[in-house]
Amino acid sequence: FGCGPGNSTEALIARAPHATVHGIDASADMIDAARKRLPDVRFDVVDISTWDDPGGYDLILANAVLQWVPAHDTLFPALVGRLAPGGHLAVQMPDNLDEPAHRLMREVAAAGPWADKLKGAARTERFDARYYHALLSPLCSRVDVWRTTYYHPLRGGADAVVEWFKGSALRPFLAALDDGERAAFLAQYRDAVAGPGGYPALADGTVLLPFPR
């Protein structure tokens with residue numbers, strides 16, 4: 001799920017070269033890129049929330065995508081139900097809504113002239129490890145849940161941080177704005193990211209971006 005341009009699909013095939021792999025993503029552009037990258041693999045444009053494949057999969061891998069899909073109380077059991085006996089559901093989701101990057105998005109959205117347009121743009125629903133353990137334990141023979149923080153070195157200071165999030169968390173905010181508003185929003189967000197409450201750069205201009213998952 002959320003195969004994007006095929007990065008994780010390529011890594012999966014390297015680990016299991018004889019497996020039959022099917023990549024899906026809601027973005028037609030991402031699927032086009034994945035097909036060019038891995039022309040021998042099946043890729044389809046699919047909305048996960050309406051995916052109705054009966055399954056029988058040995059592995060369902062969802063890397064940094066299910067946080068965008070609602071109703072986890074029904075989604076996760078449905079995915080488990082599409083596994084073959086002994087199959088695995090492997091899910092990775094960001095857990096960074098309390099990090100400066102997200103906090104500053106919400107603050108800039110609420111304080112600017114675009115506040116009315118951006119009501120509801122921020123992703124706020126999330127659940128902790130106990131929720132998923134309780135949800136999946138009755139359905140699975142074993143549930144492993146852990147949280148870790150990656151530190152991504154980004155060269156380019158605040159501009160690099162903004163670029164990092166433009167393809168993910170910033171998208172709902174930017175989609176609601178016109179071109180002029182979008183530029184102004186990004187400028188204010190960039191200044192906030194560079195400030196003391198954001199991610200001040202190291203001496204060489206690198207930002208170490210903490211990313212809990």
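Helix α4 (residues 100–111) and helix α8 (residues 179–194) have axes that come within 10 Å and cross at roughly 135°. Axes here are lines fitted to C-alpha atoms, for helices over the stretch in contact, and angles run from 0 to 180 degrees between N-to-C directions. Helices (H or I, at least four residues) and strands (E, at least two) are DSSP runs, numbered from the N terminus.

The model is predicted: local features need pLDDT of at least 70, side-chain atom pairs count only at pLDDT 80 or more, and totals for chains, interfaces and linings use all residues. Residues are numbered from 1 along each chain as its sequence is written, and side-chain values use heavy atoms, with hydrogens and water left out.

Back to the first pair. α4 and α8 are oblique to each other. Angles under 35 degrees count as roughly parallel, over 145 as roughly antiparallel, 65 to 115 as roughly perpendicular, and the rest as oblique. α4 passes α8 in a right-handed crossing. From α4, the residues Ala101, Leu104, Met105, Val108 and Ala109 meet Phe185, Gln188, Tyr189, Ala192 and Val193 of α8. Contact means heavy atoms within 4.5 Å. By class, this contact of α4 with α8 holds nine nonpolar residues, one polar and no charged. Ala, Val, Leu, Ile, Met, Phe, Trp, Tyr, Cys and Pro count as nonpolar, Asp, Glu, Lys and Arg as charged, and the others, Gly among them, as polar.

α8 has another partner. Helix α6 (residues 157–166) packs with α8 at an angle of about 125°, their axes 9 Å apart. That makes α6 oblique to α8. The crossing of α6 and α8 is right-handed. On the α6 side, Ala158, Asp159, Val161, Val162, Phe165 and Lys166 make the contact; they meet Leu186, Tyr189, Arg190, Val193 and Ala194 in α8. The residues of the α6 and α8 contact divide into eight nonpolar, no polar and three charged.

Now move to another pair. Helix α3 (residues 72–80) packs against helix α5 (residues 129–136) at an angle of about 50°, with axes 10 Å apart. α3 and α5 are therefore oblique to each other. Their crossing is right-handed. His72, Asp73, Phe76, Pro77 and Val80 of α3 meet Tyr131, Tyr132, Leu135 and Leu136 of α5. The α3 and α5 contact has seven nonpolar residues, one polar and one charged.

Step back to the whole chain. It contains eight helices and six strands. Along the sequence they follow the pattern α-β-α-β-β-α-β-α-α-β-α-α-α-β. The C-alpha trace spans about 50 × 40 × 35 Å along its principal axes.

The domain assignment, automatic or from a database, gives domain 1 (1–93) and domain 2 (95–124 + 149–212). Their C-alpha centres lie 28 Å apart. UniProt, in an unreviewed entry, places the feature "domain: Methyltransferase type" at residues 1–89. Such annotations may be inferred rather than shown by experiment. Over residues 1–89 the chain is 31% helix and 25% strand, and the end C-alpha atoms are 11 Å apart.

Note on methods. A crossing is left-handed if the near helix is turned anticlockwise from the far one by less than a right angle, and right-handed if clockwise.
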